[in-house]
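Here is my notebook from an afternoon of looking things up in one structure. I went place by place and wrote down what I found.

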Amino acid sequence: MPLTLSVVLLAAGAGKRMNSDLPKVLHRVAGVPMVAHVVAAVRALKPSAVVVVIGAGHEAVGRAVAPCATVTQDPPKGTGHALMTALPALPVGGEVLVVLGDAPLLSADTTRRLVEARREAGAAVAVLGFRAADPAPYGRLVCDAAGEPMKIVEARDCTPEQFKIDLVNSGVMAFDGALLPALLDRLRPTNAQGEYYITDLVEHARAVGRRCVVVEGPEAEFLGVNSRVELAAVEAAMQARLRRRAMDGGVTMIDPSSVWLSADTVLGRDVRIEPHTVFGPGVRVGNRVDIKAFCHIEGAEIGDDAVVGPYARVRPGSRIGRAAHIGNFVEVKNATLGEGVKANHLAYVGDADIGARSNIGAGVICVNYDGFGKWRTVVGADAFVGSNAALVAPVRVGDRTNVTAGSVITSDVADDAVAFGRARQDDKPGAAPAMRAKLKARAADPAMKHRKA
Ligand code: UD1
Ligand code: MG
């Protein structure tokens with residue numbers, strides 16, 4: 001029988017150094033709240049429960065981690081106090097993994113190693129540690145001759161000797177759940193900060209004759225966010241990881257450093273992405289899609305063999321069909337484009353359904369908004385919508401139609417019809433010289449001077 005694993009995710013800290021109205025763990029990394037990365041990593045371990053400790057008034061954090069359970073720690077009195085707050089929400093016994101909400105680079109593999117190491121050693125506590133390039137801000141792991149931690153000492157409580165230790169606490173710990181309530185009972189806020197420290201549980205476990213072990217992980221996974229500068233550093237590290245994963249999966253990036261992905265971006269095989277492209281959340285890209293430079297894509301599905309950009313904006317609710325082409329300065333929003341549709345230049349295709357193989361000419365606008373309601377434009381299959389046409393929704397343009405250039409289409413167009421909706425051209429033969437003379441005289445007229453640009 002495997003032990004029940006429950007996870008406590010600590011996220012009640014104030015995050016003062018962010019200078020933000022938003023709780024720290026809701027700041028986004030790769031398009032999603034940073035806490036969601038941690039939830040994803042621990043979920044991979046298939047725990048029976050995940051309990052998130054949140055601060056007072058931080059209901060938005062609860063929504064971001066749903067369906068995980070939440071408990072409110074009010075006021076926050078330290079990491080040990082946070083775990084005490086979560087204890088009643090945990091199954092009795094089993095094992096308990098504690099992770100931090102503000103360190104989103106933690107991987108499932110490293111976390112699994114920690115849980116397994118504790119189990120194999122039969123230890124009361126397993127600490128995920130790392131060798132810090134700059135140990136200054138971290139709790140030091142003070143180990144015995146066997147390399148097992150005797151206690152963790154926070155930087156501000158260190159003796160000069162302890163201060164020199166470079167093996168530090170990542171904050172991620174695994175516990176024998178059967179022992180945890182008794183250990184938590186022993187915590188006292190007798191430290192420089194007057195807080196209940198989760199880290200003191202190591203010393204208490206040793207005091208009752210139980211083993212503690214340390215598992216070392218890569219420092220890069222423990223980069224935490226306390227400030228906007230650190231947020232940017234974590235974003236960069238996360239992007240590097242996502243780009244590598246995409247390239248390993250068969251995506252070509254000419255300049256990976258300028259392609260920005262979301263945690264949930266799904267890219268098919270042989271996708272090619274040119275520089276300066278941003279993927280917001282919720283994008284799925286099929287196989288062999290060519291995304292040219294300077295595109296912004298979010299909440300969209302892009303079919304196999306499509307070509308997008310350069311300079312395309314694809315907004316949420318868009319489904320781009322197989323082999324469709326979305327060209328420069330084309331914006332697509334909440335629209336379905338059928339197979340082989342072409343909208344190659346300067347168009348707005350919003351709240352629209354465009355049938356297979358139809359051509360949307362340069363400058364075509366789906367006029368979807370009248371100031372009160374949003375309305376849908378439907379264009380059938382094999383239609384040709386000429387340049388600079390305005391399709392005033394709600395409107396339906398039938399199959400195999402031809403909408404002439406510059407038309408303003410305000411009523412439905414039947415299948416196979418030609419729609420002409422603009423003023424007819426009126427030529428005045430030989431009238432240009434007289435027009436030129438009139439304009440020249442006006443430009444020279446002193447009475448018009450005050451109206452000049
Ligand atoms: C903690 C560890 C330290 C470790 C470091 C790693 C303690 C006492 N120290 O220090 O050994 O090297 O993390 O980054 O645990 N939190 C709550 N409630 C609270 C206090 C904190 O939920 O009352 C949460 C925070 O939101 C944060 C995490 O716990 O996600 C860590 O708290 P933080 O204040 O950053 O601890 P550190 O001082 O960094
Ligand atoms: Mg911290």
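**Cavity.** I began with the residues around the largest cavity: L100, A103, L106, S170, V172, E221 and F222 line it. On a 1 Å grid over the protein atoms alone, a cavity is a set of points where a 1.4 Å probe fits but cannot get out, and lining residues have an atom within 4 Å of a point. The largest cavity holds about 40 Å³ of space, a volume being the space filled by probe spheres set on the points, which are joined across faces, edges and corners. I counted one cavity of 30 Å³ or more. Its lining divides into five nonpolar residues, one polar and one charged. Here Ala, Val, Leu, Ile, Met, Phe, Trp, Tyr, Cys and Pro count as nonpolar, Asp, Glu, Lys and Arg as charged, and the others, Gly among them, as polar.

**Ground rules.** I noted that this is a predicted model, in which local features need pLDDT of at least 70 and side-chain atom pairs count only at pLDDT 80 or more, while totals for chains, interfaces and linings use all residues. Residues are numbered from 1 along each chain as its sequence is written, chains are lettered from A and ligands numbered from 1 in the order in which they are written, and side-chain values use heavy atoms, with hydrogens and water left out.

**Pockets.** Next I looked up pockets, each an open set of points with protein on both sides within 12 Å along at least five of seven lines. The largest pocket has a volume of about 1,600 Å³. I found 42 residues in its lining, with R17, K24, T79, D102 and N226 nearest its centre. Elements that give two or more residues to this lining are β1, α3 (79-86), β10 and α8 (228-248); helices (H or I, at least four residues) and strands (E, at least two) are DSSP runs, numbered from the N terminus. The lining of the largest pocket has 19 nonpolar, 14 polar and nine charged residues.

The second largest pocket has a volume of about 270 Å³. It is lined by 14 residues, and H37, A40, A41, R241 and R245 are closest to its centre. Both α1 and α8 supply at least two residues of that lining. I sorted the lining of the second largest pocket into 10 nonpolar, two polar and two charged residues.

**Helix α4.** An α-helix has 3.6 residues a turn, so residues three or four places apart point the same way. After α4 comes G122, with a positive phi near 60 degrees.

**Cysteines.** I searched the whole structure for disulfides (cysteine sulfur pairs within 2.5 Å) and found zero. The sulfur of C212 is 10.0 Å from the closest cysteine sulfur, in C143, too far for a bond. C212 is buried at 0% relative accessibility, and C143 is partly exposed at 26%.

**V397.** Last, I visited V397 in strand β35 (residues 395-397). V397 is buried, at 0% relative accessible area.

Key: Buried < 20%, exposed > 50% of the residue type's maximum accessible area, 1.4 Å probe, protein only.
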